[in-house]
Amino acid sequence: MGKLNELTISAASKGLKEKKFSSVDLLKDCLAAIEAKNGELNAFVTVDAKGAMETAEAVDKKIAAGEKISALAGIPCGVKDLICTKGVRTTCCSPILKDFVPPYDATVIERLKAQDMVMIGKTNLDEFACGGSSEHSCFGPTKNPFDLSRVAGGSSGGSAAAVTANMCMYTLGTDTGGSIRLPASFCGNYGMKVTYGRVSRSGVNAMASSWDTIGHFAKSTEDVATVLQAIAGKDRRDLTTPDVKVPDYNGFLGKDVKGMKIGLPKQYFGEGVQKEIKEAVMAKVAILEKAGAEVMEVDLPSTKYAVAVYYVSIPAELSANLERFDGIRYGKKPASDPKDLMDFYCEARGEGFGDEIKRRIMIGTYVLSAGYYDAYYKKAQKVRTVIINEFADAFKKVDVMIAPVSPIPPFKIGEFMDDPLAMYMADALTIPVNAAGVPALAVPAGKDKAGLPIGLQIIAPQFEEGRCLQVSDFLERN
Amino acid sequence: MLNDDQVKHVAKLARIKLTDQEVKKFGKQLSSVLEYIDILAEVDTKDVVGTNQVTGLTNVMDKDEVIQGQSTKSELLKCSELPVDGGQVRVLRVVK
């Protein structure tokens with residue numbers, strides 16, 4: 001058939017139901033795209049062609065037997081390699097887990113398998129999801145499909161590039177400080193960062209437990225809604241998922257935006273944000289205003305402190321979460337011959353972690369150590385409260401906020417590798433959203449003069465993902 | 001600026017063995033991050049309560065019952081590269 005891999009989920013599912021093509025046909029075109037492009041993009045680190053083929057064939061049998069199939073049945077999906085997949089290697093792109101094969105599925109995988117997903121493989125990321133460029137991976141960087149000399153963004157860079165390069169219809173990712181929205185923006189597709197607790201994190205490697213969220217990348221707003229419907233909701237295995245009703249997300253599509261109040265946080269359009277990016281976002285805002293939305297400026301004065309809050313809180317939580325990697329219960333034992341248990345731990349972790357992980361664990365250890373805990377960790381938690389309160393005040397005035405995702409376009413591979421602080425600044429406009437625990441959807445907003453994608457984010461109050469979808473869908477249609 | 005001994009101390013607390021070259025490199029990088037986060041001191045947080053959880057959950061309870069996980073004990077034990085003995089992973093001696 002050819003080019004079936006370029007379809008959206010909804011178009012592919014329609015074709016399956018109408019028997020225009022089979023799930024095996026879809027999968028073959030996706031595998032061909034991986035074969036053709038993965039060598040240069042490095043989006044997938046593991047491809048499970050055999051497992052995917054078995055599930056695709058099973059779905060085709062169901063269709064042939066006249067069984068009703070779900071919206072995601074038979075649709076190829078890529079999974080960030082931070083998310084445990086039973087029987088399929090899950091490395092977190094870290095040397096310490098390079099051969100780890102989990103004996104269980106994450107809840108998100110279980111839920112998608114219940115819908116007959118076709119899991120095509122595992123996608124590249126910054127080691128343990130720490131980074132904004134996917135360069136900190138033991139498998140090497142993912143490259144940007146629009147310019148191979150540039151990064152795909154991170155940490156879910158492989159997931160973003162895989163969707164843009166039509167290697168599959170959608171992918172799963174995680175967003176702790178921008179790890180879905182930044183790569184979605186850099187690769188020109190849709191990236192959903194959900195409300196903290198909306199999607200279960202059970203079976204997903206923990207980075208910073210009070211910040212981590214699971215979300216996804218897709219080629220259209222409708223597809224974002226379909227996947228969200230499948231994965232959202234309370235899970236007994238993740239007690240941070242509250243019992244908040246999951247609405248019908250498709251019900252937010254096809255609506256207008258008349259009378260909707262849209263806030264533009266002025267700090268997100270200030271110094272350091274490139275002019276072309278501001279203009280592209282404002283052009284989309286103008287479409288909404290023309291359609292009757294009420295646009296107003298809002299104030300989030302503590303925006304500039306969010307990165308600092310992040311770089312205290314995240315390393316602190318991460319240093320505790322990554323204590324479990326000691327080369328004993330799972331992960332690589334040291335190659336050397338340690339003389340005692342202490343030596344064993346230090347060697348296993350010294351050999352097994354990459355630079356960015358070592359940096360973050362050490363920062364976390366430092367800020368949690370005696371004498372510094374109050375000055376750094378407790379202080380950061382208080383500043384986080386200030387940021388949360390500012391979001392709450394803004395949402396008293398507006399229904400959603402719109403802002404650029406990244407202040408800069410996709411940067412060159414290697415550009416910030418020796419300057420971690422400069423790299424952290426690429427997340428300056430995404431991190432506050434995670435601090436507040438609210439949802440945001442990254443949406444394509446055109447390209448700059450160099451042909452590189454620009455993304456905007458639609459930010460909504462907690463558990464109001466539907467509003468993000470409503471505005472995004474309107475922009476997609478107008 | 002963190003000196004070499006401070007970096008080595010933090011690395012030891014974190015159970016990470018560093019080469020001499022790494023001590024130098026990380027010392028510089030960690031110092032620049034720590035210097036940057038000092039910006040937090042500017043924010044007035046008098047009477048502000050710190051955030052631990054963002055959606056308002058407190059003391060989440062579950063039924064006190066045993067539920068079967070997805071994987072068995074032997075499957076979990078197979079995740080270790082170390083020798084397994086009597087249903088336990090054998091590690092280096094702790095008490096000398």
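## The sheet in chain A

In this predicted model, chain A holds an open sheet of 11 strands with mixed pairing, and the strand order is E1-E3-E2-E6-E8-E7-E12-E13-E11-E9-E10. At the edges stand strand E1 (44-47) and strand E10 (294-298) of chain A; each has a single partner strand, so one side of each is left without a neighbour in the sheet. On average, and ignoring direction, neighbouring strands of this sheet are turned by 30° against each other.

Let's look at one pair within that order. Strand E2 (residues 76-80) and strand E3 (residues 118-123) of chain A run in the parallel sense, pairing over 5 bridges.

Two helices are worth a look here. Helix H7 (residues 221-231) of chain A packs on the sheet and touches strands E6 (170-174), E7 (190-193), E8 (214-218) and E12 (440-447) of chain A. The direction of H7 makes about 145° with that of E8(A).

Helix H8 (residues 275-290) of chain A also packs on the sheet. Its contacts are with strands E9 (261-265), E10, E11 (400-404), E12 and E13 (453-459) of chain A, and its direction makes about 150° with that of E11(A).

## Confidence in the prediction

For the complex, the predictor gives an ipTM of 0.96 and a pTM of 0.97. Chain B has a mean pLDDT of 93, with 100% of its residues at 70 or more.

Among the elements of chain B, helix H1 (residues 4-13) has the highest mean pLDDT, 96, while helix H3 (residues 73-77) has the lowest, 93.

Terms used:
Residues numbered from 1 in each chain as written. Chains lettered and ligands numbered in written order. Predicted model: local features only at pLDDT ≥ 70, side-chain atom pairs only at ≥ 80, totals over all residues. Pairing = 2+ DSSP bridges. Helix = DSSP H or I, 4+ residues; strand = E, 2+ residues; numbered from the N terminus. Axes fitted to C-alpha atoms, helices over the stretch in contact; angles between N-to-C directions. Contact = placed C-beta atoms within 7 Å. pLDDT = per-residue confidence, 0-100.
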